[in-house]
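Here are my notes on the model, as numbered points. Please read them with the structure open.

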Amino acid sequence: MLEFEERFGTEEACLEYLFKVRWPEGFRCPQCRHKKAWSTKRSLFHCAHCSFQTSVTAGTIFQDTKKPLRLWFRAMWHVTSQKYGANALGLQRVLGLGSYRTAWTWLHKLRCAMVRPGRDHLLGTVEGDETYIGGEKPGKRGRGAAGKVLVVVMVEVTEGKIGRIRLSRVPDASAPSLEGAVKGSVEPGSTVHTDGWEGYGQLSKMGYVHKVVRKEAHVGRNLLPRVNLVVSLLKRWLLGTYQGRVEHSYLDYYLDEFTFRFNRRTSHSRGKLFYRLVQQAVAVDPVPAKHIHGGIVGS
Ligand SMILES: [Zn+2]
């Protein structure tokens, strides 16, 4: 933390770091891709070719922020250095933000950086299943259950091991919901392993190679071991995050944070995870507050 404060203690240091992450090979005009620019006094870059003016933060999640970048850097450091998920109250406390709502908005902006729009779909062999999150009583498949949220978990299998994952919240376990979740996260042509639930019945018509592993065929054998492992890791992580009590309006954030961390689990150092988050934060479009959905629960 001390090292972090020393490195990113000034606005200039933060700007310089963002510049290097955003333009690793030097400035590129976002309009015409020209490499030459003049910098102006207000830390703007004036393209030598088309006169377009831009800044390091323009077109990123930091655009139009009235708060210092130093605070954003601390927020990203906080989020990436937690063992479990970050929450708005903790972030508000760490940053000394006056408003809970600001902390909540920041978490959701960072969430957009964790999950890049148009990210790659899973490829090859994929295991899929659903799980209920939250609520006290066990849920019944296909019907939904009070207080519970159904999440589809798709796990890429790479050389027999767990590769990347995708999590999608769905309203129920009906065919349209499950098909939408598969389509949104798995490349057509891939082989998808599921159990015999009818909701997955049409996958082969959608361009997937569908392999059904029937639970009743091998009693006591775990036929979707990788997806089951990811589900138990997710549940354990959520337990640590909110002592198991995850408000629904936060769940989307946590699913994305878990996916971000899980898919970068080989980046063992905090610094690397932080770098990835900054990298994606400058690569996404700005998120106006009005586009952030969900209400504040329990604030
Ligand atoms: Zn230009």
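1. Start with the metal site. Along the chain, the donors of the zinc ion follow the spacing C-x2-C-x14-C-x2-C. They are the SG atoms of Cys 29, Cys 32, Cys 47 and Cys 50, at 2.3 to 2.4 Å. Donors here are N, O and S atoms within 2.8 Å of the metal (3.2 Å for Na, K and Ca); water is not among the atoms, so sites may look incomplete.

2. A word on the basis. This is a predicted model, with local features needing pLDDT of at least 70 and side-chain atom pairs counting only at pLDDT 80 or more, while totals for chains, interfaces and linings use all residues. Residues are numbered from 1 along each chain as its sequence is written, and side-chain values use heavy atoms, with hydrogens and water left out.

3. Geometry of the site. The 4 donor atoms around the zinc ion subtend angles of 106 to 112°, so the arrangement is tetrahedral (four donors, all angles between 85 and 135 degrees).

4. Cys 29 is buried, at 0% relative accessibility. Cys 32 is partly exposed, at 29%. The cut-offs: buried is under 20% relative accessible area, exposed over 50%, partly exposed in between (1.4 Å probe, protein chains only).

5. The sheet. It is open, with 3 antiparallel strands in the order β1-β2-β3. Strands are DSSP runs of E, at least two residues, and helices are runs of H or I, at least four, numbered from the N terminus. Two strands pair if DSSP finds at least two bridges between them. The edge strands are β1 (37–39) and β3 (53–54), each pairing on one side only. β2 (residues 45–47) pairs with β3 over 2 bridges. Phe 45 stands opposite Thr 54 in β3.

6. Backbone points to check. Most residues other than glycine have a negative phi. Ser 51, not a glycine, has a positive phi of about 65°. Ser 51 sits in the loop between β2 and β3 and is partly exposed, at 44% relative accessibility. Glu 159 also has a positive phi, about 50°, and is not a glycine. Glu 159 lies in the loop between β5 (149–158) and β6 (161–170). Its relative accessible area is 78%, so Glu 159 counts as exposed.

7. A helix pair. The axes of α4 (residues 88–95) and α5 (residues 100–114) come within 8 Å and cross at roughly 110°. Axes are lines fitted to C-alpha atoms, for helices over the stretch in contact, with angles from 0 to 180 degrees between N-to-C directions. α4 and α5 are therefore roughly perpendicular (65 to 115 degrees).

Note on methods:
Four donors count as tetrahedral if all angles lie between 85 and 135 degrees; four count as square planar and six as octahedral if opposite donors are over 155 degrees apart and all others between 65 and 115; anything else is irregular. Angles under 35 degrees count as roughly parallel, over 145 as roughly antiparallel, 65 to 115 as roughly perpendicular and the rest as oblique.
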